[in-house]
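Subject: Structure handover

Hello,

Here is the structure we spoke about. Please open it beside this message, as the notes below go through it piece by piece.

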Amino acid sequence: DALAGLYRCGDGRFVRLHTNFPHHRAGIVKLLGCEDTRDSVAAALEGWQAEGFETAATDAGLVVAMARRFQEWDAHPQAAALATLPLIEIEKVGDAPAPARPAGARPMAGLRVLDLTRIIAGPTAGRILASHGAQVLAISAAHLPSVFPLVVDSGRGKRQAALDLRGAEGRETLRGLVREADVVVQGYRPGGLAALGFSPEDLLALNPSLVVATLSAYGRLGPWAGKRGFDSLTQTATGLNWAEAEAFGEETPRALPCQALDHGAGHLLAFGVMAALARRAREGGGARVEISL
């Protein structure tokens, strides 16, 4: 998007804006009280301190990150919260018997996955599970924005469907699919699906042998547990952009040349799902799997 990217604020610090979705772009323009142009946004941000704007944007449900260096991130309360968690959380839930599944030519043959994710990281996990033989149904909704080339790239091996969970009929359809599934992978903003009645606890109540895999930007603990984010923003917040700039001898934060955190998290999330399924086959029960960018 034309407004997305790096900006210098009035205190000399930098923020990165993510405006690829129209509602995020409109929210930034409204918060700044400026015109919908890059020059106008840049001028408006000269009147803000970077961390203050990051906080205000977060409070408004927008996606912004201040550029920090590694040592700054290590001192941040969110980094301290994440330090208490493993790379991938895998928690057994309950003692439901493992569903009978026939052996197949590939590790996940015969297993059903509901892929409730968008953009890169979550869809990458679903694509990997499909490549291992799972029947993957990717569910979005007609009213939600998407990036079509990413849908193509991450949709290989999946079936696609649309459900509007704002209505009772759509929610009941999803409940029926959950009852027949082995895995639900979800990567919407923290609390988004829970508000519609599909929290991990709700999903496991519908299907006690389910593996529920959740991806978030900043993790389930800490002051940023509810903060929305994307790969480019977590790069900025955690020090990677300054490290990349230093590697190139540059004086402004530089993004990595690819969405490395998205793809890495997608692979690790798929690994966590497979590990949880392997344990389910041995011990029964459902499971919760958690990972963050």
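Arg-25 is found in helix H1. This is a predicted model, in which local features need pLDDT of at least 70 and side-chain atom pairs count only at pLDDT 80 or more, while totals for chains, interfaces and linings use all residues. Residues are numbered from 1 along each chain as its sequence is written, and side-chain values use heavy atoms, with hydrogens and water left out. Helices (H or I, at least four residues) and strands (E, at least two) are DSSP runs, numbered from the N terminus.

Not counting residues up to four places away in sequence, Arg-25 touches Asp-1, Ala-2, Leu-3, Thr-19 and Asp-36. Contact here means heavy atoms within 4.5 Å. Asp-153 is 128 residues from Arg-25 along the chain, and their C-alpha atoms are separated by 24 Å. Ala-260 is 235 residues from Arg-25 in sequence and 24 Å away in space, C-alpha to C-alpha. Ala-260 is found in helix H12. With a relative accessible area of 34%, Ala-260 is partly exposed. The cut-offs are: buried under 20% relative accessible area, exposed over 50%, partly exposed in between (1.4 Å probe, protein chains only).

**H1 against H3**

Helix H1 covers residues 22-32 and helix H3 covers residues 50-59. They pack at an angle of about 125 degrees, with their axes 11 Å apart. That makes H1 oblique to H3. Axes are lines fitted to C-alpha atoms, for helices over the stretch in contact, and angles run from 0 to 180 degrees between N-to-C directions. Angles under 35 degrees count as roughly parallel, over 145 as roughly antiparallel, 65 to 115 as roughly perpendicular and the rest as oblique.

The crossing of H1 with H3 is right-handed. From H1, Ile-28, Leu-31 and Leu-32 meet Phe-53, Ala-56 and Ala-57 of H3. Six residues of this contact are nonpolar, none is polar and none is charged. Ala, Val, Leu, Ile, Met, Phe, Trp, Tyr, Cys and Pro count as nonpolar, Asp, Glu, Lys and Arg as charged, and the others, Gly among them, as polar.

Which residues of H3 are buried? They are Ala-50, Phe-53, Glu-54 and Ala-57. Seen down the axis of H3, they fall within an arc of 105 degrees, so they line one face of the helix. The arc is that of the directions from the helix axis to the C-beta atoms. Their cover includes S2, H1, H2 and S3. Just after H3, Gly-61 takes a positive phi of about 75 degrees.

In helix H2 (residues 38-45), the buried residues include Ser-40, Val-41 and Leu-45. Their arc is only 130 degrees around the axis, which puts them on the same side of H2. The buried residues of H2 pack against strand S1 (5-8), strand S2 (14-17), H1 and H3.

Helix H11 (residues 240-247) has Asn-241, Trp-242, Glu-244 and Ala-245 buried. They span an arc of only 160 degrees around the axis, which puts them on the same side of H11. Glu-246 and Ala-247 are exposed on the other side. S2 and helix H10 (231-238) pack against the buried residues of H11.

**Two loop residues**

Arg-68 is found in the loop between strand S3 (64-66) and helix H4 (70-74). Is Arg-68 buried or exposed? Arg-68 is buried, with a relative accessible area of 3%. Leaving aside neighbours within four places in sequence, its contacts include Arg-13, Glu-51, Glu-54, Trp-224 and Trp-242.

Ile-119 lies in the loop between strand S5 (112-116) and H6. Ile-119 has a positive phi of about 75 degrees although it is not a glycine. Most residues other than glycine have a negative phi. At 21% relative accessibility, Ile-119 counts as partly exposed.

**H6 against H12**

The axes of helix H6 (residues 121-131) and helix H12 (residues 260-283) come within 7 Å and cross at roughly 45 degrees. H6 and H12 are therefore oblique to each other. The crossing of H6 with H12 is right-handed. Among the residues in contact are Ala-125 and Ile-128 of H6, and Gly-266 and Val-273 of H12. This contact divides into eight nonpolar, four polar and one charged.

Best wishes

Note on methods. A crossing is left-handed if the near helix is turned anticlockwise from the far one by less than a right angle, and right-handed if clockwise.
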